There are 2 protein chains.
Amino acid sequence: MKFSKQREMILNQVLNYPIHPTADQVYTALKTDNPNLSLGTVYRNLNLLSEMGMLMKIRIADGSDRFDGRTDDHYHMVCERCSKVYDVELDTMKALKSCVSDKYGHALTEITLTLKGVCAACTSCTPQTE
Amino acid sequence: MKFSKQREMILNQVLNYPIHPTADQVYTALKTDNPNLSLGTVYRNLNLLSEMGMLMKIRIADGSDRFDGRTDDHYHMVCERCSKVYDVELDTMKALKSCVSDKYGHALTEITLTLKGVCAACTSCTPQTE
DNA sequence: AAGCATAATAGTAATTGTTATCAGTATTAT
DNA sequence: ATAATACTGATAACAATTACTATTATGCTT
């Protein structure tokens, strides 16, 4: 496996701007200074880096996938108003995992949890997006 | 709101064959006896019936949406081998909901939880799909 | 039962997010 | 420096879903 400039740029973009960006957001951010960067390259590398465990892929049921430089055990909440993605620590998820395998005999390999709602900031303010 | 034959057929198909079908599965099943049924009609009605609360839409992050005639509080597990969708009762999810709003101040409006893995049947057998 | 307003349909085209293809280019080991 | 090959950019392909529109069905009114 070779390490190209593009791959390094893409990884750093996710690490340095931890906004849980989509592939397109990464692409747009880097495009300005690298006009011939290709969207396919961004997708390919984000997926590769996720498989290698250097990034976490956040799958959102009704939206684009997002990517997270933080790879330890945590979950996400998507605000419907400002559409930001927030980290969420959930001890109950550990209990849930063992509960499911005990009760149903399912061997879990992946848990996709998407919490949607209105975040604290948006709740206390006027709507930012509508 | 008018109640067309198509809408009734589509609803009954989901209610009578509780396999958590995709829009395309509903379409294919009904198409044989109704050759000029349109896929768009199936999508439109499944979504409408879900909004009306007569069906539950199951959003799967990396696959097609599925529909469930059972609309009470429960979750789903998708088997990676046989790709069936199983109902899962999770008391911990109630705890999770109040936990999230208490701890983060997020008002939750929708929870999409997709459990992936290998179901009990597939675990005890030879792989059915690969 | 006939007429009428309108909601719903079939068929098609458009959209969106993502992946595949492939000729040319960059990277790394020798 | 050279050679092997992994990677890139550009474009096409793809799958799931939604939008569009002329036509048809539904249900109300009389």
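Across the interface of this predicted model, B:Arg59 forms a salt bridge with A:Asp62, with the closest N and O atoms 3.3 Å apart. A salt bridge here is a side-chain nitrogen of Lys or Arg within 4 Å of a carboxyl oxygen of Asp or Glu. A:Asp62 sits in the loop between β1 (56-58) and β2 (66-68) of chain A, and B:Arg59 in the loop between β1 (56-58) and β2 (66-68) of chain B, so the pair joins two chains. In general, side chains of opposite charge can pair when their charged atoms come close.

Some bookkeeping on the model comes next. Residues are numbered from 1 along each chain as its sequence is written, and chains are lettered from A and ligands numbered from 1 in the order in which they are written. Because the model is predicted, local features need pLDDT of at least 70 and side-chain atom pairs count only at pLDDT 80 or more, whereas totals for chains, interfaces and linings use all residues; side-chain values use heavy atoms, with hydrogens and water left out.

Now for the interface as a whole. Contact (heavy atoms within 4.5 Å) takes in 35 residues from chain A and 35 residues from chain B. Chain A and chain B bury about 2,800 Å² between them, 60% of it on carbon and sulfur atoms; buried area is the accessible area (1.4 Å probe) that two parts lose on being put together, summed over both. On the chain A side, A:Ala61, A:Tyr104 and A:His106 lose the most area to chain B, together 18% of what that side buries.

There are also 14 residue pairs in polar contact across the interface, both residues being at pLDDT 80 or more. A polar contact is a pair of N or O atoms within 3.5 Å; within protein, one must be able to donate a hydrogen and the other to accept it, and residues adjacent in sequence count only if both atoms are side-chain atoms. The elements giving two or more residues to the chain A side are β4 (85-88), α4 (91-104), β5 (107-118) and α5 (120-123), and β5(A) supplies the largest share, twelve residues. Helices (H or I, at least four residues) and strands (E, at least two) are DSSP runs, numbered from the N terminus.

The two β5 strands also pair with each other: β5(A) and strand β5 (residues 107-118) of chain B run antiparallel over eleven bridges, strands being paired if DSSP finds at least two bridges between them. In β5(B), B:Leu115 is the bridge partner of A:Ile111, and B:Ala107 that of A:Val118.

As for symmetry, a rotation of 180° with 0.0 Å of shift along its axis superposes chain A on chain B (RMSD 0.1 Å). That is the relation of a two-fold axis. The superposition is by least squares on the C-alpha atoms of residues with pLDDT of at least 70 in both copies. Since 100% of the interface residues of chain A are also interface residues in chain B, the copies meet through the same surface.

Within chain A there are five helices and five strands. Strand β3 (residues 75-79) pairs with β4(A) in the antiparallel sense over four bridges, with A:Val78 opposite A:Val85.
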